[in-house]
Amino acid sequence: MNSLLRGCALLACTLWVQTAAAQDEVLGAPEPPPAVCRAVFGAPPRATLETSARAAIPCIAVLCRDPSSGLPDRPLSVDIRVRANGSASADIASGSMGSVAADACLESVLGTTPFPRRRARTTVSLRFSEPSLGIDHDRVRAEDERTARQRASQPPEAPSRNDVASALRPASERARSCGGSGVVTARVTFVSDGSVSSVSLSRLDRESALARCIVGIIRSAAVPPFRQPVFRVNYPVRLAGTASSALPPPPHLPTSPPPPSMATPATLPESPSRVSVGSAMRGLVPRAAGCLRDAGGGVFAATFVFSSDGRVKTATVRDPNPFTADQNRCLQFVLRSVTLPPFRRAEFRVSFPFRYGPAPGL
């Protein structure tokens with residue numbers, strides 16, 4: 001039971017889902033969960049599914065409030081299915097918290113709420129308009145703005161794919177002036193201030209004039225500062241004697257084409273649907289767990305930013321990040337491979353909790 005409570009507390013601390021609204025932020029900084037949520041996740045199961053679900057309303061109101069529309073005025077109808085071990089899954093049957101991300105947050109919180117240990121299924125009506133909730137919206141909004149300012153002042157965990165390509169593509173094109181033919185792979189190491197600390201080349205003698213010329217040019221590249229100590233990438237350099245000068249994207253930064261779609265911009269949805277987001281995220285769970293076979297068990301949260309073509313712009317494991325460098329590189333490969341159907345808005349931001357290893361308490 002203690003391990004179950006610790007797992008629930010960790011999920012409460014990291015769980016947050018929000019679209020890229022006007023504030024362009026993801027709520028839920030890595031700080032202790034609100035007291036109302038600790039009371040929900042740390043309490044024993046209530047007598048019935050209905051009372052267990054309604055006990056989570058204050059926590060949902062704090063964690064899943066949509067910043068643009070606030071709490072819903074009308075009740076939500078939620079289908080809840082509980083397994084024999086007390087774990088649950090929840091799906092909104094009617095109504096909405098105000099956005100796809102806020103709906104997914106509600107379902108995730110209810111999926112972590114303790115329920116009676118018996119197989120059961122019910123539909124519960126949840127209301128968020130009672131004054132007894134006691135939520136200070138001005139305080140919550142001020143905390144959100146403070147969190148956004150703090151996050152905006154910090155560099156990213158690692159350079160984005162676009163940052164790396166923007167730095168290395170011009171350098172590789174200038175390297176054509178060094179002569180030679182064919183394609184060599186440059187292993188480039190960036191340090192946290194964005195500068196290049198080392199470059200190694202495949203199939204070339206590092207003491208040769210050609211290698212020294214290429215290395216000197218690539219060492220002049222730079223990316224914006226980032227937080228992790230180093231960032232390494234393999235980048236192909238096509239030399240002057242090669243027929244085509246078109247450079248492929250860096251192979252170390254994986255990309256996947258978006259799903260085929262016949263939709264035109266006029267018919268695309270404003271943002272991805274809750275179903276498509278949930279399906280894409282759940283598909284990553286076993287692959288992410290495969291990166292963490294030696295990490296024991298627990299829950300981590302990852303924040304994604306998708307561009308309108310459905311591709312991942314950035315994918316970051318939220319703090320605290322307990323994983324090794326190799327595990328983080330594997331996670332980056334997996335998390336950046338996910339795609340969503342295209343949509344109209346400029347970008348879509350979402351955080352999702354991933355459970356790995358043995359289930360807590362089992």
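Select Cys64 and Cys105 to start. With -70° about the S-S bond, their link is left-handed. The two form a disulfide with sulfur atoms 2.1 Å apart; a disulfide here is a pair of cysteine sulfur atoms within 2.5 Å. The pair links distant parts of the chain: Cys64 sits in the loop between α4 and β1 (76–82), Cys105 in helix α5 (residues 100–112), 41 residues apart. Helices (H or I, at least four residues) and strands (E, at least two) are DSSP runs, numbered from the N terminus.

Before moving on, note that this is a predicted model: local features need pLDDT of at least 70, side-chain atom pairs count only at pLDDT 80 or more, and totals for chains, interfaces and linings use all residues. Residues are numbered from 1 along each chain as its sequence is written, and side-chain values use heavy atoms, with hydrogens and water left out.

Now colour by accessibility. Buried means under 20% relative accessible area, exposed over 50%, partly exposed in between (1.4 Å probe, protein chains only). Cys64 has 1% relative accessibility and counts as buried. Cys105, at 0%, is buried as well.

Next, select Cys37 and Cys59. A disulfide joins them, S to S 2.2 Å. The torsion about their S-S bond is about 100°, so this disulfide is right-handed. Cys37 lies in helix α2 (residues 35–42) and Cys59 in helix α4 (residues 57–63), so the pair ties together parts 22 residues apart in sequence. Both Cys37 and Cys59 are buried.

Go on to Cys178 and Cys213. Their sulfur atoms are 1.9 Å apart, in a disulfide. The torsion is -75°, and the link is left-handed. Cys178 is in the loop between α7 (161–174) and β4 (183–191), Cys213 in helix α8 (residues 209–218); the pair therefore ties together parts 35 residues apart in sequence. Cys178 is buried at 17%, whereas Cys213 is partly exposed at 30%.

Zoom out. The structure holds four disulfides. With the bonded cysteines numbered in sequence order, the pairing is 1-2, 3-4, 5-6, 7-8.

Last stop: helices α9 (residues 274–291) and α10 (residues 325–335). Their axes come within 8 Å and cross at roughly 160°. Axes are lines fitted to C-alpha atoms, for helices over the stretch in contact, and angles run from 0 to 180 degrees between N-to-C directions. α9 and α10 are therefore roughly antiparallel (angles over 145 degrees). Show side chains for the contact (heavy atoms within 4.5 Å): Leu284, Arg287, Ala288 and Cys291 of α9 meet Gln327, Cys330, Leu331, Val334 and Leu335 of α10.

Key:
Angles under 35 degrees count as roughly parallel, over 145 as roughly antiparallel, 65 to 115 as roughly perpendicular and the rest as oblique.
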